[in-house]
Amino acid sequence: MLVFLALMGLLGFAWVRMNRSKAELSQTLTAPPQDSAYNISYAPPEFEWSGTTTGALPLKILTYKQYECLEDARYGFRIVGVPPSDRKQPQPHKTRAHGVKTVASLHKHGFLDADGSGGYVITDHGLNALEVCNVRY
């Protein structure tokens, strides 16, 4: 009988401990609600969406490569389109290389604009896309 009571006590202790850790874990995993007036961004202020672009975007979902390219442009990098084999080659200062197809697609949809020297910079439309489009990984 004493063994049975000890075993029940251990099971009860394990159950309480397991439920407590689940509750603590769920509290740490839930993010605080996003308030549109309080968004944290590490981009310079000139690369934040102005909020003036209206109308539906031509894309609802960005590929991960498109998202990565727009993020680089958002942080002030000049974007150049290169073949996949040249993507890892060193680039000039403040320049990032992305695939030709990715850059061409973003330019076609108005998210990137030619800078006149063979590169591209992000448009307000592109900044809007970063705010509202989903990303397919």
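Leaving aside its neighbours within four places in sequence, which residues is threonine 123 in contact with?

## Threonine 123

The model is predicted. In it, threonine 123 is in contact with Gly110, Phe111, Leu112 and Asp113, once neighbours within four places in sequence are set aside. Threonine 123 sits in the loop between strand 5 (120–122) and helix 4 (124–132).

The side chain of threonine 123 reaches the backbone oxygen of glycine 110, at 2.6 Å.

## Helix 2 against helix 3

Helix 2 spans residues 64–74 and helix 3 spans residues 100–108. Their axes lie 10 Å apart, and the packing angle is about 75°. Angles of 65 to 115 degrees count as roughly perpendicular, so helix 2 and helix 3 are roughly perpendicular to each other.

Helix 2 contributes Lys65, Gln66, Cys69 and Leu70 to the contact. Helix 3 contributes Thr102, Val103, Ser105 and Leu106. By type, the residues of this contact are four nonpolar, three polar and one charged.

## Helix 2 against helix 4

Helix 2 also meets helix 4. Their axes come within 10 Å and cross at roughly 125°. That angle makes helix 2 oblique to helix 4. The crossing of helix 2 past helix 4 is left-handed.

On the helix 2 side, the contact is made by Tyr67, Leu70, Glu71 and Arg74. On the helix 4 side, the residues are Gly126, Leu127, Ala129, Leu130 and Glu131. The residues of this contact divide into five nonpolar, one polar and three charged.

Conventions. Residues numbered from 1 in each chain as written. Predicted model: local features only at pLDDT ≥ 70, side-chain atom pairs only at ≥ 80, totals over all residues. Heavy atoms only, no water. Helix = DSSP H or I, 4+ residues; strand = E, 2+ residues; numbered from the N terminus. Polar contact = N/O pair within 3.5 Å; in protein donor to acceptor, adjacent residues only side chain to side chain. Contact = heavy atoms within 4.5 Å. Axes fitted to C-alpha atoms, helices over the stretch in contact; angles between N-to-C directions. Parallel < 35°, antiparallel > 145°, perpendicular 65-115°, else oblique. Nonpolar A, V, L, I, M, F, W, Y, C, P; charged D, E, K, R; others polar. Left-handed = near helix turned anticlockwise from the far one by under 90°.
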